[in-house]
Amino acid sequence: MKIRAVSALTAAGLALATAGCGRGAGDRLAPEPGSGDQVTIRMMHLWPESGALGQHRIVNKIIEEYEAEHPNVVVKQEVLDNEQYKAKLRVLSAVNELPDVGLTWAAGALQPFVAGGLFTPLDDLLQGELKDSFVAGTTEAYAVDDKTYALPLEFNIAPIFYNKELFRKFQLDVPKTYDELRDVIGTLAAGGVAPIALGNQDRWTGSMWYMYMADRIAGAETLAEAIGGKRSFADPGLVQAGRSVQDLVDAGAFNPDFNGLSNDEAKAMFLSGKAAMYMVGAWELPNFTTNQDIPQRFRDNVGFFKFPTVEEGKGDIDGWVGGPGVGLFVAENSEVKAEAKSFVEYFVKRWGERSVTDAGVIPATKVDTAAVKLPQLYVDLLNEMNKATSITLFADVQLKPGAAETHLNQIQALFGKAVTPEGFAAAHDKVIKAGQ
């Protein structure tokens with residue numbers, strides 16, 4: 001497997017396929033050693049039952065098992081959806097009232113929390129039961145100044161999922177080039193079906209489309225250098241990527257009011273058969289494989305394909321946008337820090353064991369998938385990961401918070417045609433140069 005490193009992620013580890021807020025007055029804090037007093041660990045996560053059933057059930061099962069093995073420990077959960085979680089994490093960090101255990105993202109998204117002294121290093125856990133457990137390159141994405149501040153749970157890439165039944169109805173083949181994708185979009189739109197489900201109110205959803213266009217036209221290295229401030233976003237290939245995004249908008253590629261819909265609303269369109277395609281990370285695999293609340297007929301008819309190549313573009317069809325998913329942190333000011341770290345160690349180990357079989361999630365820990373029976377969609381995606389020539393970490397994760405916010409706002413403006421591709425590029429260069 002030939003891998004090109006193009007971001008904070010070391011992509012050499014893709015061989016895995018084969019091998020609430022502040023405390024209440026009544027909460028008990030850390031006990032004296034041997035006292036047997038009850039300990040309350042507060043955990044906040046983003047897997048609600050309504051939107052991430054597989055992950056939700058795994059979390060509850062792990063907590064149930066941990067509490068059974070540690071009778072003096074109670075784990076209290078606060079569960080929010082993705083966007084609510086991000087917002088509350090910002091609020092809690094501002095007043096240094098983070099939960100004892102929570103989820104964070106890697107690279108640039110992690111740095112402000114580390115700079116503020118909010119997360120505690122977890123390197124000692126990497127020398128214990130979890131030693132050599134992680135796919136290469138995953139923990140490194142959570143390191144700052146040679147210290148690891150979170151332990152990753154997932155590894156994600158973003159394919160385009162599609163409804164095979166709708167493709168058969170309109171006699172469509174999976175597109176391998178951008179021109180073929182445009183033809184597929186035209187046929188579906190003419191047939192009264194939304195070609196692509198997009199909820200760009202959340203903005204990161206549109207970012208993936210721009211990043212793939214930039215990767216296929218300008219190449220992975222050019223895109224990574226621009227995000228890293230080593231190259232201008234005014235590069236002709238990157239500007240052309242912006243034009244191509246607006247070309248998709250003009251072609252009616254996305255559902256109406258895409259900038260006003262959330263990702264959950266767009267996902268619902270795809271799950272109900274009202275849209276033929278949907279780009280999202282592999283964290284949604286459970287809804288396409290193991291989630292019994294989704295009709296079997298629909299799950300049997302979900303496929304995926306790689307983002308198509310662009311004529312004369314520098315990108316490779318085996319280049320992906322993705323990287324490590326969320327990771328568990330322990331708050332530096334936690335009054336039950338030792339117990340929280342013990343819980344995180346237990347959780348990561350059990351998550352790696354359960355997430356594959358119980359939810360169909362690709363974990364950040366190594367798993368011998370040959371030893372378990374897996375859905376074919378899961379196996380096929382893992383096989384494609386093993387052929388990856390590059391993986392570019394999501395832009396809003398790579399960038400520092402100020403630049404990430406500018407990027408996401410500009411993505412929404414680009415899709416809404418409120419900014420030109422040239423203006424989009426200039427806004428990125430300005431904020432990245434400012435070091436925000």
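These are my notebook entries on this structure, which is a predicted model.

**Entry 1: the largest pocket**

I began with the largest pocket and looked up its volume, which is about 1,200 Å³. Next I asked how many residues line the largest pocket. I found 48 lining residues, and Asn 82, Glu 83, Lys 86, Trp 105 and Trp 204 are those that lie nearest the centre.

Then I sorted the lining by class. I got 23 nonpolar, 13 polar and twelve charged residues.

Which helix gives the most to this lining? I found that helix 2 does, with six residues. Several other helices supply at least two residues each, including helix 1 (53-69), helix 6 (204-218) and helix 15 (401-415).

My next stop was strand 2, residues 39-45. Is this strand buried or exposed? I checked, and seven of its seven residues are buried, so strand 2 is largely enclosed by the rest of the structure.

I wanted to see this face by face. In a regular strand, side chains alternate between the two faces of the sheet. On one side of strand 2 I listed Val 39, Ile 41, Met 43 and His 45, and on the other Thr 40, Arg 42 and Met 44. Every one of these is buried, which leaves both faces covered.

I then looked for a partner. Strand 2 is joined by seven bridges to strand 3 (residues 73-79), and the two run parallel. For Ile 41, I noted Val 75 in strand 3 as the bridge partner. I followed the chain from strand 2 through helix 1 to strand 3, and this β-α-β crossover is right-handed.

I stayed with Val 75, which sits in strand 3. Its relative accessibility is 8%, and buried means under 20%, so Val 75 counts as buried.

From Ile 41 I looked across to Glu 335. These two are 294 residues apart in sequence, yet 9.2 Å apart in space, C-alpha to C-alpha. Glu 335 belongs to the loop between strand 14 and helix 12. With a relative accessible area of 44%, Glu 335 is partly exposed.

**Entry 2: strand 14 and its two partners**

Which way does strand 4 (residues 101-104) run against strand 14, parallel or antiparallel? I found four bridges between them, and they run antiparallel. Here Gly 102 stands opposite Phe 329.

Strand 7 (residues 151-152) pairs with strand 14 too, through two bridges, and this pair also runs antiparallel. I noted Leu 328 in strand 14 as the bridge partner of Leu 151.

**Entry 3: a kink in helix 12**

Where is the kink in helix 12 (residues 337-359) centred? I traced it to Trp 351, and the kink is about 30 degrees. Just after helix 12 comes Gly 360, with a positive phi of about 75 degrees.

**Entry 4: positive phi away from glycine**

Asn 96 has a phi of about 55 degrees, and Asp 132 has one of about 65 degrees.

I looked up where they are. Asn 96 lies in the loop between helix 2 and strand 4, and Asp 132 lies in the loop between helix 3 and strand 5 (143-144). Asn 96 is partly exposed at 34% relative accessible area, whereas Asp 132, at 60%, is exposed.

I finished with Glu 311, in the loop between strand 12 (302-305) and strand 13 (319-324). Buried or exposed? At 64% relative accessibility, Glu 311 counts as exposed. I also looked up its separation from Arg 216, 95 residues away along the chain: their C-alpha atoms are separated by 9.0 Å.

Definitions and conventions. Residues numbered from 1 in each chain as written. Predicted model: local features only at pLDDT ≥ 70, side-chain atom pairs only at ≥ 80, totals over all residues. Heavy atoms only, no water. 1 Å grid on protein atoms, 1.4 Å probe; cavity = no way out; pocket = protein on both sides within 12 Å on 5 of 7 lines; lining within 4 Å. Points joined across faces, edges and corners; volume = space filled by probe spheres on them. Nonpolar A, V, L, I, M, F, W, Y, C, P; charged D, E, K, R; others polar. Buried < 20%, exposed > 50% of the residue type's maximum accessible area, 1.4 Å probe, protein only. Pairing = 2+ DSSP bridges. Right-handed = clockwise from strand over helix to strand, strands pointing away. Bend = angle between axes of the 7 residues up to and from the residue.
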